Amino acid sequence: MKYNFDQSINRLNTGSVKWDEVGNVFGDKDVLPMWVADMDFKSPQPVIDALQKRVEHGIYGYTSRTESYYEATIDWMNKRHKWAIEKDWICFSPGIVPALSLIVQSYTKPGDKIIIQPPVYYPFTSVVENNGREVVHNPLQLKDNNYVMDFDDLKQKIDPAVKMIIISSPHNPVGRVWTKDELITLGEICLEHNILVVSDEIHFDLVYKDRKHTPFAAISEEFAQNSIICTAPSKTFNLAGLQISNVIIPNKELREPFTKAIESNFISMTGTFGVVALESAYRYGEEWLDQLIDYLQGNLDFLKSYFESNIPEIKVIQPESTYLVWLDCRELGLNEKELEQFMLKEAKVAFNAGYTFGIGGEGFMRVNIACPRAILEEGLKRIQAAIKKL
Ligand SMILES: Cc1ncc(COP(=O)(O)O)c(C=O)c1O
């Protein structure tokens, strides 16, 4: 089946955070919403069909994960990521952010230190600080328009109070797909210092064609035993509203505290529709996903050439993954608040301001390109017109 990602679908009045909350969040309901990380595309047809069938059944009682759910998950990891996982490793969480919070609670104590690599998805800071743990920053380095991990800085920051590192792999917002070598270097440092690696791989399926995602736990048995891998179909298939994700914990002893936390907080019950959607997406969604990645690549190429030709003051950091593009706006000479206000008030686009991602984010903006090309073009035209007046 050929999917039409150019189709514009009105999301207003559906309770969409991206579209319906834009006025509340940005103070102006007329700004073009290109912020929060979901897509303006329909999910794969087999997912819609499976959900429709389940709706028609008419009974929506308590639901558990079926054998077939586990099979579909295991097959997906094998097929897409060459990662052999076992059923027992698959732990449920309604979402990855709640999972991260429970992970922080389960494996560290108040006062312990947890490393993150900014600029990074901002809830990483909140899940550490809201739980009374201390954030240690190991900022990424921008070298020749490409972000890399700073291992020397990492080694210097480690002390006996550091118990965990949370990485974004692939990385939101800078779009890196960490190479196997980079992950090996990181993983070995962590093994040496007894630091648990929490790898948030929620964007793992959305990798552009010339790149390859490496699941951290697939690298070696030692890494598998020292890691927790957060996965979900939510970014891949646009299912964030269905609240289903899988936290993969190969180490049996490590698994117990997490499953206990899920149970003792009474969030172990899965939503009826999430289970159906995950299974159908993993079983039948591949054709759609391949077409989606082609479309996103087209959007990315379009965006890059638009900036190069018309807005050379803003530089695109080439993403290797995700539909989130990190824009270097430092040449505009605006401070962080001025840049944010410029995009909102002058250009009338709602992007995520770079500084909200922490150290190294000042002067940058994150744009979500998972929308029909016409919307993307509209956003770019708005920026171009606003820059002319600057
Ligand atoms: C790295 C990362 N982790 C987690 C999430 C959100 O996960 P969830 O909606 O499952 O809590 C996002 C959403 O943008 C993300 O980019």
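How far apart do the end C-alpha atoms of residues 38–383 lie, and how much of the span is helix and strand? The end C-alpha atoms of residues 38–383 lie 22 Å apart, and the span is 43% helix and 16% strand. Helices (H or I, at least four residues) and strands (E, at least two) are DSSP runs, numbered from the N terminus.

This is a predicted model, in which local features need pLDDT of at least 70, side-chain atom pairs count only at pLDDT 80 or more, and totals for chains, interfaces and linings use all residues. Residues are numbered from 1 along each chain as its sequence is written, and side-chain values use heavy atoms, with hydrogens and water left out.

**View 1. The annotated span, residues 38–383.** In an unreviewed UniProt entry, these residues carry the annotation "domain: Aminotransferase class I/classII large". UniProt positions are given in the numbering used here, feature names are shortened, and annotations may be inferred rather than shown by experiment.

**View 2. The largest nonpolar core and a second, separate core.** A nonpolar core is a set of buried Ala, Val, Leu, Ile, Met, Phe, Trp, Tyr and Cys residues joined through side-chain atoms within 4.5 Å. Buried means under 20% relative accessible area, exposed over 50%, and partly exposed in between (1.4 Å probe, protein chains only). The largest core has 100 residues, and those with the most contacts inside it are L303, I314, M343 and I383. Helix α13 (residues 286–310) gives the largest share of this core, ten residues. A second, separate core has 29 residues, among them V104, V120, V198 and V247.

**View 3. The surroundings of I383.** Contact means heavy atoms within 4.5 Å. Leaving aside its neighbours within four places in sequence, I383 is in contact with F307, I311, I314, M343, A347, V349 and F351.

**View 4. Helix α13 and what it packs against.** α13 has 25 residues and reaches 36 Å from its first C-alpha to its last, close to the 36 Å expected at 1.5 Å a residue. The expected span of a helix is 1.5 Å times one less than its number of residues. The buried residues of α13 include W288, Q291, Y295, N299, L303 and F307. Its buried residues pack against the helices α4 (67–81), α10 (234–237) and α15 (373–389), and against β11, β12 and β15.

**View 5. Helix α3, with a buried side and an exposed side.** α3 (residues 45–57) has 13 residues and spans 19 Å from first C-alpha to last, close to the 18 Å expected at 1.5 Å a residue. V47, L51 and R54 are buried in α3. These residues are on the same side of α3 because they cover an arc of only 60° around the axis. The arc is that of the directions from the helix axis to the C-beta atoms. An α-helix has 3.6 residues a turn, so residues three or four places apart point the same way. K53 and E56, on the other side of α3, are exposed. What covers the buried residues of α3 includes α12 (272–284). G58 follows α3 and has a positive phi, near 85°.

**View 6. An open sheet of four strands.** The strand order is β11-β12-β15-β14, with antiparallel pairing. Two strands pair if DSSP finds at least two bridges between them. The edge strands, β11 (315–317) and β14 (352–353), each pair on one side only. Three bridges join β11 to β12 (residues 324–328), and K315 has D328 as its bridge partner in β12. β12 and β15 pair over five bridges, while β14 and β15 pair over two. M365 in β15 stands opposite L327 and also opposite A353.

**View 7. Strand β15, covered on both faces.** Five of the five residues of β15 (residues 364–368) are buried, so this strand is largely enclosed by the rest of the structure. F364, R366 and N368 are on one side, and M365 and V367 are on the other.

**View 8. Strand β7 and its parallel partners.** Six of the seven residues of β7 (residues 162–168) are buried. Four bridges pair β7 with β3 (residues 113–116), and I166 in β7 is the bridge partner of I116. β7 is joined to β8 (residues 196–200) by five bridges, with S168 opposite D200 in β8.
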